[in-house]
Amino acid sequence: MTYLQRLIANSLIFVSLSVLFPNQVYVESLTMAIAASFVLSILNTLVKPILILLSLPLNILTLGLFSFVISAGMLQLTSNLLGNYRFGFSSFAISILVAIVMAIVNAIVSDHNIDKYADR
């Protein structure tokens with residue numbers, strides 16, 4: 001999946017979840033969803049690898065499930081950088097659920113892209 005496809009997919013996930021769960025996930029507009037997706041991609045590139053490395057023993061102990069907590073932390077950091085009044089979550093547990101949904105949707109979209117290019 002290309003960077004632009006992942007950016008659009010994450011933006012659509014944010015907008016979809018804010019429509020499905022308006023009391024838990026808040027996105028001001030589609031532009032803010034795109035900005036949040038862009039900021040999240042930058043944080044995932046720069047900060048997340050360091051956090052994964054520092055939490056490696058805990059990640060091994062939980063059989064990789066702690067990576068969802070790190071992803072939720074990246075979502076909370078994105079929310080804090082953009083402003084909670086523009087893009088935010090009601091609690092950290094909701095951030096973990098959003099991280100799980102994002103991982104599932106991105107895996108499905110990536111798998112679809114792999115199948116599309118394997119048929120050639």
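Residues are numbered from 1 along each chain as its sequence is written, and side-chain values use heavy atoms, with hydrogens and water left out. Because the model is predicted, local features need pLDDT of at least 70 and side-chain atom pairs count only at pLDDT 80 or more, while totals for chains, interfaces and linings use all residues.

## Fold

The protein has 6 helices and 2 strands, in the order α-β-α-α-α-α-β-α from the N terminus. The radius of gyration is 15 Å, close to the 14 Å that the globule rule gives for 120 residues, so the protein is as compact as a globular protein of that length. The radius is taken over C-alpha atoms, and the rule is 2.2 Å times the number of residues to the power 0.38. Helices (H or I, at least four residues) and strands (E, at least two) are DSSP runs, numbered from the N terminus. The C-alpha trace spans about 45 × 35 × 25 Å along its principal axes.

Of the 120 residues, 34% are buried; buried means under 20% relative accessible area, exposed over 50%, and partly exposed in between, with a 1.4 Å probe and protein chains only. Among contacts (heavy atoms within 4.5 Å) between residues at least 6 apart in sequence, 63% join residues at least 24 apart.

## Nonpolar core

A nonpolar core is a set of buried Ala, Val, Leu, Ile, Met, Phe, Trp, Tyr and Cys residues joined through side-chain atoms within 4.5 Å. The largest one has 20 residues, and those with the most contacts inside it are Phe14, Val25, Leu75, Phe87, Phe89, Val98 and Met102. Two or more residues each come from helix 1, strand 1 (25-27), helix 2, helix 5, strand 2 (87-89) and helix 6. Helix 2 gives the largest share of this core, 6 residues. Setting aside residues up to four places away in sequence, Met102 touches Asn10, Ile13, Phe14, Leu40 and Leu75.

## Largest pocket

On a 1 Å grid over the protein atoms alone, a pocket is an open set of points with protein on both sides within 12 Å along at least five of seven lines, and lining residues have an atom within 4 Å of a point. The largest pocket holds about 340 Å³ of space. Its lining has 18 residues, and Leu40, Asn44, Lys48, Met102 and Asn106 lie nearest the centre. Helix 1 (3-20), helix 2 (30-46), helix 5 (66-82) and helix 6 (92-118) each supply at least two lining residues. Helix 2 gives the most, with 5 residues. By class, the lining has 8 nonpolar, 8 polar and 2 charged residues.

## Single residues

| Residue | Relative accessible area | State |
|---|---|---|
| Thr78 | 1% | buried |
| Ser71 | 17% | buried |
| Leu63 | 77% | exposed |

Thr78 is in helix 5. Leaving out neighbours within four places in sequence, Thr78 is in contact with Ala36, Val39, Leu40, Leu43 and Phe87. Ser71 is also found in helix 5, and touches Lys48 and Ala99, not counting residues up to four places away in sequence.

Leu63 lies in the loop between helix 4 (56-61) and helix 5. Phi of Leu63 is near 60 degrees, a positive value in a residue other than glycine.

How values were computed:
1 Å grid on protein atoms, 1.4 Å probe; cavity = no way out; pocket = protein on both sides within 12 Å on 5 of 7 lines; lining within 4 Å. Points joined across faces, edges and corners; volume = space filled by probe spheres on them. Nonpolar A, V, L, I, M, F, W, Y, C, P; charged D, E, K, R; others polar.
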